[in-house]
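User: Could you walk me through how some of the helices in this model pack together?
Analyst: Gladly; let us look at the model and take the pairs in turn.
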Amino acid sequence: MADTNGSVLVLTNAQDVTADLVLRVLAERAVPAVRVDPGLDLHTGSSLTASYGPRGRRGILRTPSRSLDLATVRSVWVRRPTRYEGPPELDGQDAAFAAAQSFWGAGGILASLADAHYVNHPWANRAAEYKPAQLAAAGRHGFRVPETLITNDLPTARDFVRRQVGGAVYKPLWNTAYTVQGRPHQVWVRAVGAAELTVGVEHCPHLFQAVVGKAFDARVTAVGDRLFATRIDSPDLDWRRRQDRMVCTPVDLPGAVREAVAAYLAEFGLVYGAFDFAVTYSREWHFLECNPNGQWAWQPPETTAVIARAIADLLERGRDV
């Protein structure tokens, strides 16, 4: 069994091809890396142990091929790990109990490596995933924010939508798994009229937003203090819906937006962030959201390659950044 010291620890699922791009760069640089999906792997041959006491903290992660001293981890990349679940041989409340213990136990250990540099820390990710918190922070740091309403009050929602001269859209507050006739169904951003709103609004909070008269969409991928801006031209209101129809090109980022991005990241303690903007014909950049762990490998190959190297740089340097 190989001993891997000074390693980069990558927490993600086995199907994450985006992680492969960065791991390939680290391998080319001879930077040791350990990839693990704690939500699944701890049930299939891997183990995690930590001890605390007068002699300090110690911990070890064992996989079928490696043994990793947690005190020597230089960086942790929290990519897309699977949700913690109970082992397959358990069901019902036993599975739920084991899943909760795994989340608070294994999750707590892996989030508490004092000498490691996190990209991003999982607790920072969680705090930054709430859309109301995103919108509030964006306003504080100088971003233009479209008029937005979050409510479960039907008359208020109808009044808001009716008042938007350029129209309004509905957006889910979280990308929740949803199925229609047993098949996965994506809830896209879509235009909505006041007459469409029903008592279903009262079942949970809904997010409504004024339509921005945009010339194009933009994605700004922030990796530390490096920003990569891409213009997205798409025939769809939500460009994610048919990515085969969008065209991506580099775009210059205004200085004011750069400053706002830096302040936003600092508030949430983020190292990485994927910012989405709607840009008007007069070149006003309107903040839509920031996914603290958003995908980036769908961009043009030359952009993807540079982002992969930038993330590898952060992971390789560890806490020296």
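User: Which residues in α5 meet which in α7?
Analyst: Ala133, Gln134, Ala137, Ala138 and Arg140 in α5 meet Tyr264, Glu267 and Phe268 in α7, where contact means heavy atoms within 4.5 Å and helices are DSSP runs of H or I, at least four residues, numbered from the N terminus. This is a predicted model, in which local features need pLDDT of at least 70, side-chain atom pairs count only at pLDDT 80 or more, and totals for chains, interfaces and linings use all residues. Residues are numbered from 1 along each chain as its sequence is written, and side-chain values use heavy atoms, with hydrogens and water left out.
User: At what angle do the axes of α5 and α7 cross?
Analyst: The axes of α5 (residues 131–140) and α7 (residues 255–268) cross at roughly 130 degrees and come within 9 Å, and α5 and α7 are therefore oblique to each other. Angles under 35 degrees count as roughly parallel, over 145 as roughly antiparallel, 65 to 115 as roughly perpendicular and the rest as oblique.
User: New topic: how do the axes of α1 and α8 cross?
Analyst: The axes of α1 (residues 17–28) and α8 (residues 301–317) cross at roughly 60 degrees and come within 9 Å, and α1 and α8 are therefore oblique to each other.
User: And which residues of α1 and α8 make the contact?
Analyst: Leu21, Val22, Val25 and Leu26 of α1 make the contact with Thr304, Ala308, Arg309, Ile311, Ala312 and Leu315 of α8.

Terms used
Axes fitted to C-alpha atoms, helices over the stretch in contact; angles between N-to-C directions. Helix = DSSP H or I, 4+ residues; strand = E, 2+ residues; numbered from the N terminus.
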